[in-house]
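Here is a short report for a reader new to this structure. Look at the model first, then read on.

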Amino acid sequence: MKVTLDGVTKIFPPHSKKESPVTAVSNFNLEIPDGKLVALLGPSGCGKSTLLNIICGLESPTSGSVLFDQNDVTKLPPEKRGVGMVFQNYALYPHMSARKNILFPLGNLKGKAKLTKEEKNRRMLDAARIVQIENLLERKPGNMSGGQQQRVAIARALVKYPGILLLDEPLSNLDARLRLETREEIRRIQKNTGITTVFVTHDQEEAMSISDIIVLMKKGVFQQSGKPQNVYDNPANLFVAKFLGTPAINVFKGKIENAKVFIGDEPVADVPGCENRDVYVGIRPEGLIPDKNGPLTCSFKSIDVLGRDYMIVASHGAAETSVIRAITDSENKIEDNPETVRFSFKKNKFFVFDAKTEERIYLG
Amino acid sequence: MKKFGLKAWLYLLPAILFLVVFMVYPLIDVVIYSFEEGFTTTSQTATGVGIGNFSTVLRDPYFIQALKNTFVLVAITVPVSTGLALLISLGLSSIKKLREFFQTVYFLPYVTNTLAVGLVFMMLFNKNESSGSVGMINTFIRFFGGPTIDFINGPYWAKMLVLCLYTVWIVLPFKILILTSALASVKKDYYNAAKVDGTSKFRTFTHITLPMISPMLFYLFITGFIGAFKAYSDAVALFGTKLNEAGMNTIVGYVYDKLYGDSGGYPSYASAAALILFFIILTITVINLIVRNKLTYKGGGGRA
Amino acid sequence: MRDRHPKDLKKQYTFGGIAGKAGVYFMLALWALMVLFPFYFMIITSFKSYGSYSAEITPAIVPKTWTVANYSSLFGDSSVPLPRYLLNTAFFAIVTTAIMVVVIVLAAFAFARLSFRGKNIVFVLFLSLMMIPSELVIITNFVTITDLNLRNTYLGLILPSVTSVFYIYLLKESFELVPDEVYKAAKVDGTSDFKFLIRIMVPMSKSTIITVIILKVIECWNSYVWPRLITRDPDHFLVSQGIQEIRENGFGKENVPAMMAAVVIISVPLIVLFLIFRRKIMEGVSRGGTKG
């Protein structure tokens, strides 16, 4: 099912007279194509969970509308939307076995939708098979690992044959090893079922690794969406550039004068067609190449060997962070413990952002 | 979904109905009664409004007796039971073997019928001259060479002694339970730190344990005071329903006597007496709270 | 509070040396003896025959001859209808507790889960009612029940005994431990509020509800003041009044063994209940119950 968000805004009323209303989501427009795995990505508190709840129907938007295919579902309660939701803490009913947990949503169906016992059981077993927990059906949540609970929660969401599957921070409660395993699992389940799936996360690596589309938001405002690699390579603004990638992008304060961009006093690149102004220059760690004749001069701090690659840690007076990092392969040797190290830039890893609007004005 | 929350009020309706009919309305009514002069269950009309009921009650020798009994009971049982409970709880937390057994035994009085076990106490302390039986306790006293005493129908102090003893016996389970929990909630780190510093056991107790459990001790004092001021069933259990004759009535007993029974039919007097009791309790509680705020350790360790 | 259960106590004090330890055990044993002695006395006395008890100038610690006659007479002939009192009390306790559970579950759910205007104010008003001593309201309740002609009826016994603000509070706290997400999950599945309460909340808070039920049953079983006020008809007597009746009129004042048998019969149900649910009861009481 295709999901369209049209000008969705959510303003929470203040808790007391002293507080002011909080705008959690602001004029959000988005189209989620059918059958895709979509990550809603942003720092915590950016409104992504609120947005998920609005899609789900647990919250209603202050203004704007939510469409499933062509149908406006803005006013529909969650149970009428045909969505499945997996909560951060799984929200399994602790007093029920996995089997009963999965069956529970089917027991709420009324009237024509009512199912026979056999049909319920068949669907329950199907869902259990998809998430591979057939052997755990009699266990209660308390006797399961986090990963197993997660699977039961997904099965419970799938058993209703939802048009959309929503997952709120699905991996945040798992330990590191399970997290890797489970995200592949989510990917597999999504591919097998073909259900349009939206999941919320603050972990960019998680979002980049499994989703077809990532949607970035900040303080309730849409930033950018697209295929993970596209967004990484073409960040629309400084926030997106900073948010994606580990180690994080190196950011310098700089200025444009006469179509040249300066970091500190050094002109580092030509930026044809750009007006004079203050800017931020962002360079991905893999975009910095040690080069005796490179335009950017930094103070050398240390070298960390990362197997095939190595990372040069350096500093620069105009850098926003105390250290800047360059990742490069071992062919680009530098001498031992130099005072300074100079870098040139790899193509497509060098971005210039307007200092005021933080919009990207140049990709080099 | 939210509208006005009509549904929520429906869920609350039964509770509100019960509370309004049996608590809120009576609360207002008792104040009205207490100021209606000359109202009796037979007259059904008041002759005037004023503080006449209060002055009548306060001049009633039975009320004075009840007031005195209640204060004596409170003054003796609250400190004794709290102190004893503290001693026993400290003992309990210093042992491992048999601790559960002792805890179970100590809790038994909590689940017994006050009236039923009171009858047993009466039998134990009784000295029935006519049948020649002296009762278990008097047998002990005689064994150690003392003079036998009739604790149930005898001198005032003997009766009061039994009443206090029985009250302590009844209230101790609750206090022991609360204090053992409080002692258990003091983090072991503090004791270890004290040990490392070479602090003596006594100093550890007075400087660490006592301050840490002081909020609970005060809680017990407050609930203890309130409970003891409302004493009644224990007295009935020991001395029968005719407490005025036995000279062992309590304030609550006086309230019920004015309401019902041989001297009953005066809800106005009962209301006035109940309000006097309420103000005594309120005053004591407020004093307790003031003292507590001055004295207790405030960094947690209290009730969750 | 869970982690504070007495069983989990770690040993914290040590009174110096073996002598100190022996002193502690001596003190604890002494108090245990004080607690147990009345029970011991009532049990052994209940097995003495009236004749042999009367003949004792010095009460015997162990009966010379054991007899169950006192018990059989309680349930057989008997001027004192003890079985009737027991049935009355059981009926009173069960019905009162059942109504209370329904009332408090609904109210606690409204406070814990539903949102409505004035919720905080209503809740504070509820809490402030906890401080009102029952002695204050019993006077008007007595008049109300009299006016409604409900004296000497079960309804008159039960109705004013139902409400318990403290238990609403306790249950609300327990309901609030059910995570928000579980409620949302149920909403997404189209579960109605009422179904959610019955199928999810109540089972998830089973432990607290059982505790509340036990505490209320104990309270009902021991209640004396209210029943004494409004029932004069022995057909509606509860055990507490029964024992008072036995003491003042039944068996003749002298038949102590028969009285003790009655006391044993009255005490046994609660003691059995306590031994079964010991942990729950002690936990519930330490969470704020006070006697009476």
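The text below covers the core, a chain contact, a helix and a sheet.

This is a predicted model: local features need pLDDT of at least 70, side-chain atom pairs count only at pLDDT 80 or more, and totals for chains, interfaces and linings use all residues. Residues are numbered from 1 along each chain as its sequence is written, while chains are lettered from A and ligands numbered from 1 in the order in which they are written.

The largest nonpolar core holds 273 residues. Such a core is a set of buried Ala, Val, Leu, Ile, Met, Phe, Trp, Tyr and Cys residues joined through C-beta atoms within 7 Å. Buried means that 20 or more other C-beta atoms lie within 10 Å of a residue's own, with C-beta atoms placed from the backbone. A273(B), A262(C) and V263(C) touch the most other members. Helix α7 (residues 156-184) of chain B gives the most to this core, with 17 residues. Helices are DSSP runs of H or I with at least four residues, and strands are runs of E with at least two, numbered from the N terminus.

Chains B and C are in contact (C-beta atoms, placed from the backbone, within 7 Å). The side of chain C that touches chain B divides by class as follows.

| Class | Residues of chain C |
|---|---|
| nonpolar | 53 residues |
| polar | 15 residues |

Ala, Val, Leu, Ile, Met, Phe, Trp, Tyr, Cys and Pro count as nonpolar, Asp, Glu, Lys and Arg as charged, and the others, Gly among them, as polar.

In chain A, seven of the 10 residues of helix α2 (residues 98-107) are buried, so α2(A) is largely enclosed by the rest of the structure. Its cover includes α3 (117-130) and α4 (146-158) of chain A.

Chain A also has an open, antiparallel sheet of six strands, in the order β13-β12-β11-β14-β20-β21. Strands pair if DSSP finds at least two bridges between them. Five bridges join β14(A) to β20(A).

How values were computed: A residue is buried if 20 or more other C-beta atoms lie within 10 Å of its own, exposed if 12 or fewer, and partly exposed in between; C-beta atoms are placed from the backbone. Two residues are in contact if their C-beta atoms, placed from the backbone, lie within 7 Å.
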